Amino acid sequence: MEEYKNGLKNTRDILVELGLNPSQDDCIAVQHVSTIVSFRSSNLVAAGLAAILTRIKQNRHLRALRITVGVDGTVYKTHPQYPKRLHKVVRRLLPECQVRFVLSDSGSSKGAALVTAVAQRLASRKRQVDETLAPFKLSQEQLQLVKATMRAGLEAGLKNKGPSAVKMLPSYVYHTPDGTEHGKYLALDLGGTNFRAMLVKFKKGLQNNTRLYHKIYTVPLEIMQGTGEELFDHLAQYVSDFLDYMGMKKAHLPAGFTFSFPCEQTAIDTGILVSWTKGFKATDCEGHDVVNLLREAIKRRNEYDLDIVAVVNDTVGTMMSCAYEDPQCEVGLIAGTGSNACYMEELKNIEKIRQKKQKTEGDEETPETSRMCINTEWGGLGDDGSLDDIITPFDAEVDHNSVNPGKQRFEKLTSGMYLGEIVREVLLDLTRGGLLFRGRVTETLKTPGIFQTKYLSQIESDRLALLQVRSILQHLGLDSTCDDSIIVKEVCGAVSRRAAELCGAGMAAVVDKIRENRGLDHLNVTVGVDGALYKLHPHFSGILQETTRVLAPQCNVTFLPSEEGSGKGAALITAVMSEDIDKYLYSMRFSDETLLDITQRFRKELVTGLGRDSNATATLKMLPTFVRSIPDGSEKGDFIALDLGGSNFRILRVKVSHEKKQTVQMESEIYDTPEDIIHGTGTRLFDHVAECLGNFMEKHNIKDKKLPVGFTFSFPCQQTKLDEGFLITWTKRFKASGVEGMDVVQLLNKAIKKRGVSADIMAVVNDTVGTMMTCGFDDQRCEVGIIIGTGTNACYMEELRHIDLVEGDEGRMCVNTEWGAFGDDGRLEDIRTEFDREIDRGSLNPGCQLFEKMVSGMYMGELVRLILVKMAREGLLFEGRITPELLTKGKIETKHVSAIEKSKEGLIKAREILNKLGLEPSADDCIAVQHVCAIVSFRSANLVAATLAGILMRLKENKGVSRLRTTVGIDGSLYKMHPQYARRLHKTVRRLVPDCDVRFLLSESGSGKGAAMVTAVAYRLAEQSRQIAQILSEFSLTTEQLLEVRKDAAVFVLLLCVSQYLDSDLCI
């Protein structure tokens, strides 16, 4: 009816056949109705088809679609207008789609045959694909064999008998967190092209209240492949930037270093780099300790101070991070770019540690002290050929093309770095067999690394349709069909499933070993997990967990993903390793706030000691020295200096001359002061000094010369003038009777006179004053003197107007603070430890010189010994073994502390010193002892810095300046000989008083030269006074002269009166 030419005729014929007699208008109307009905049909079909095409376009994420629509059916074929209307409406509805309509010539019967043919082709292809993928599908028997192989590898690696594929590296981590960790810790993480610095704050007892702050830095390629020094300098710069960012540049933080490269550890803070991986090639690093390289870089910057407590692998860090959340976590697993596991092994099973078995009677190992975390490095399983039965040709090809053929075979079967490459090799093989991509092998498909593991995770997603898989393949330059997409998805599934099952078999071996180690029928354990493969792949975690459950049925294993990764774990290891020692030494660590508080306490004591009314009760006696000037460069002459301050007595002859410039020549002799004299009578002591002086003068042919003598007497004295000093109290083990309260100059003069020696003692000075004067000779800005040796003390130039104990307000005078007694009134009780109190109780002067007992060399070694004894008794050191030598007072000296803290040979020295005490320390014992020494010596430097800061603030205030520039003269064996002391002291002082420019000047000649300088200055001042007196003598009148003047004046007055009288008479 709708034919253009015969439509009306056909309409009439049809209506007539129906028994109707239509008019012309009837035929036209019926034709119009037919048109409307068929038009509606084509429109509706067009709308439905448009929806389908839109769906296809959306699935393919295309802006424009080119597609062919196959069409069949009588309406479409026979209706004269239907196809045209349908095509037109479709193109109008979807103008962005180019649609071609193709009419099916043979109908659906041919299609059925084609479907059958396609089905046969697909079945054949599936059979070939299945055959290709069959080696990836592991049976339960094969997985049990892998588990057994892994277990054998673990056992072999623990033994110290030749190389093993599974390295089983000791981590020297003995404990997992127990939730009591607290404080601030720095975590540094280098594991790829990014370096991460993290500050972790733990609140005690609040596991869910951990704060983390971090910054990520990109390591440039030229740094990764430059020199080792450049790399670690770069890392030190990143740390500096992060500490600036956090406002913690001045804090002394313990740090953990996550270093995710193969390292051999001999201690928790030592990691020898075996070889670089992940694109790093920095020179002069392999075979070196990376912790030491980082420490040296930090030292070169000299901007901040870090205590690097631990270097850890990322697997160990992951376990520790998760153990903080779950105490049952004793296993760590990395399933990401690499693959590895760690777990807590019994120490008795680790033969390579060569654990000492000697224990005192009754001692028993506890679980907390008998385990160590082992980094399995299980990626090496199969390097010995033990996995050849499950390795496919595709695995072999991937291994052959890797940077380390024949190595890390297990890792190459399981890790994200290699899974994508295995998939590519399989796809390449299937394509060459004509089963994929129409048999076209593209350059893209031949490109190694093009198929990244992240694509496996995307392709295997349950939410991803085949068209999206096809889109991913097209993005990779692979022109695929939907059938291709199905096969690619199947290949990805087979490769990733095998990887998860192998990891599960390995994990089953680990947890079963832990269960058997502990003799348990059933084990509940948590595995901390990290890695993109585990976290991002849609099926990996489930398959891994199920495989572990099936292969280790007697273990209930919970897998806990690590939220913050290995960085938090490194901080926790630092906290755990520091915890055992820090429970003894925590109170020895001071923040800057605490140090400044100590500074303010000290300043108050300075003022108290300077007051006339308050001096008697002050701990700082602030003794006037009557030294009113430092050398000005004009001093000259020949002087003798006596120096008594310890077990040795020193005599010097000092010649100060002026030619072109001022020069000093010195001759000296050292004499022993025997113990019986030190503890005898004062008479014997000063007779000994006089005898030594006589011998010296005779030896140097100056017996007949009466030279000015300066006497350095390094004990607290009350002076009323320069050549007079009343001993207040003995210190430094001296106990000579009959001296305290007496003038030591008078006692010495009496002994000298008895010997017939000609000497003129012009000055008695403290060794601290002598140090200041010695340095003042070289730098006239020197106005502070400090001794940090066997004892400790300080002096400084105070304004005379502030010294109530001395008359006069003009000028300055050196004040001997005697700061060793700071705290004798209980002012420092809050920072004293049980060890300080034990030191004091066992001293010759209990309750006195408490500050000196906390900081000086006389007590430092003993302080360390007491701490070590306590730790050994609690089983934290030397396996609880205590020798008679360790229990002997004085067996650890301060010189030993200095030796142990040397950066390169300190641990060797620690072992030697401990061996002499009858101990056989482990590497970890030596590290702990070194840490104890560092804490004790650091506390000393910090306390001295706090008190020195008080003096510097006092000087700045006295001078009324906004910025103080001054020099501190310093002497003492602790300052000179300890490898870290001076640097720590300087750094802390500059941090506490940033508005002071302080130069520290070491006294090269000691306080003896200083005594000569005091004498020289006194001699110069006396000579100046004599010359002034001589000039002024002409103005002085004797009594006779004054009487004569009086007599003459009386005559003059009489004559004047007579004259006036005569004048008045004349007037009358």
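Me: Hi! Which residues does Gly157 touch, not counting residues up to four places away in sequence?
Reply: Hi! Gly157 touches Ser164, Val166, Lys167, Met168 and Lys352, where contact means heavy atoms within 4.5 Å. Please keep in mind that this is a predicted model, in which local features need pLDDT of at least 70, side-chain atom pairs count only at pLDDT 80 or more, and totals for chains, interfaces and linings use all residues. Residues are numbered from 1 along each chain as its sequence is written, and side-chain values use heavy atoms, with hydrogens and water left out.

Me: Thanks. Where does Gly157 lie, and is Gly157 buried or exposed?
Reply: Gly157 lies in helix α6, residues 140-158. Helices (H or I, at least four residues) and strands (E, at least two) are DSSP runs, numbered from the N terminus. Gly157 has 2% relative accessibility, so it counts as buried. Buried means under 20% relative accessible area, exposed over 50%, and partly exposed in between, with a 1.4 Å probe and protein chains only.

Me: And what separates the C-alpha atoms of Gly157 and Ile350?
Reply: Those C-alpha atoms are separated by 8.8 Å, with Gly157 and Ile350 193 residues apart along the chain.

Me: You listed Met168 as a contact of Gly157. What is phi of Met168 near?
Reply: Phi of Met168 is near 50°, a positive value in a residue other than glycine. Most residues other than glycine have a negative phi. Met168 is in the loop between α6 and β3, and it counts as buried because its relative accessibility is 0%.

Me: What about phi of Phe626?
Reply: Phe626 also has a positive phi, near 65°. It is found in the loop between β16 (623-624) and β17 (637-644). Its relative accessibility is 15%, so Phe626 counts as buried.

Me: Switching topic: how many cavities of 30 Å³ or more are there?
Reply: The count comes to four cavities of 30 Å³ or more. On a 1 Å grid over the protein atoms alone, a cavity is a set of points where a 1.4 Å probe fits but cannot get out, and lining residues have an atom within 4 Å of a point. Grid points are joined across faces, edges and corners, and a volume is the space filled by probe spheres set on the points. The largest cavity holds about 130 Å³ of space.

Me: Which residues are closest to the centre of the largest cavity?
Reply: Of the 14 residues that line it, the closest to the centre are Cys263, Gln265, Val312, Asn313 and Asn375. The elements that give two or more residues to this lining are β3 (169-170), β8 (263-267) and β10 (305-312).

Me: What does the lining have by class?
Reply: The lining of the largest cavity has nine nonpolar, four polar and one charged residues. Here Ala, Val, Leu, Ile, Met, Phe, Trp, Tyr, Cys and Pro count as nonpolar, Asp, Glu, Lys and Arg as charged, and the others, Gly among them, as polar.

Me: Now rings. How many aromatic pairs does a search of the whole structure find?
Reply: The search finds 23 aromatic pairs. Rings of Phe, Tyr and Trp (its six-membered ring) pair if their centres lie within 6.5 Å; planes under 30 degrees apart count as stacked, over 60 as edge-to-face and the rest as tilted. In one of the pairs, Phe195 and Tyr238, the ring centres are 5.8 Å apart and the planes are at 25°, so this pair is stacked. Phe195 is in strand β5 (residues 194-203) and Tyr238 in helix α8 (residues 228-246), so the pair links distant parts of the chain, 43 residues apart. Phe195 and Tyr238 are buried.

Me: Which residues do ring pairs link into a cluster?
Reply: Phe257, Phe259, Phe261, Trp276 and Phe280. Within that cluster, Phe257 and Phe259 form a tilted pair, 5.5 Å centre to centre with 55° between the planes. Phe257 is buried at 1% relative accessibility, and Phe259 is buried at 2%.

Me: Last one: what is Arg781 in contact with, leaving aside its neighbours within four places in sequence?
Reply: Arg781 is in contact with Arg965, Thr966 and Thr967. The C-alpha atoms of Arg781 and Arg965 are separated by 8.1 Å, although these residues are 184 residues apart along the chain. Arg781 lies in the loop between α24 (767-778) and β24 (782-788), and its relative accessible area of 40% makes Arg781 partly exposed.

How values were computed:
1 Å grid on protein atoms, 1.4 Å probe; cavity = no way out; pocket = protein on both sides within 12 Å on 5 of 7 lines; lining within 4 Å.
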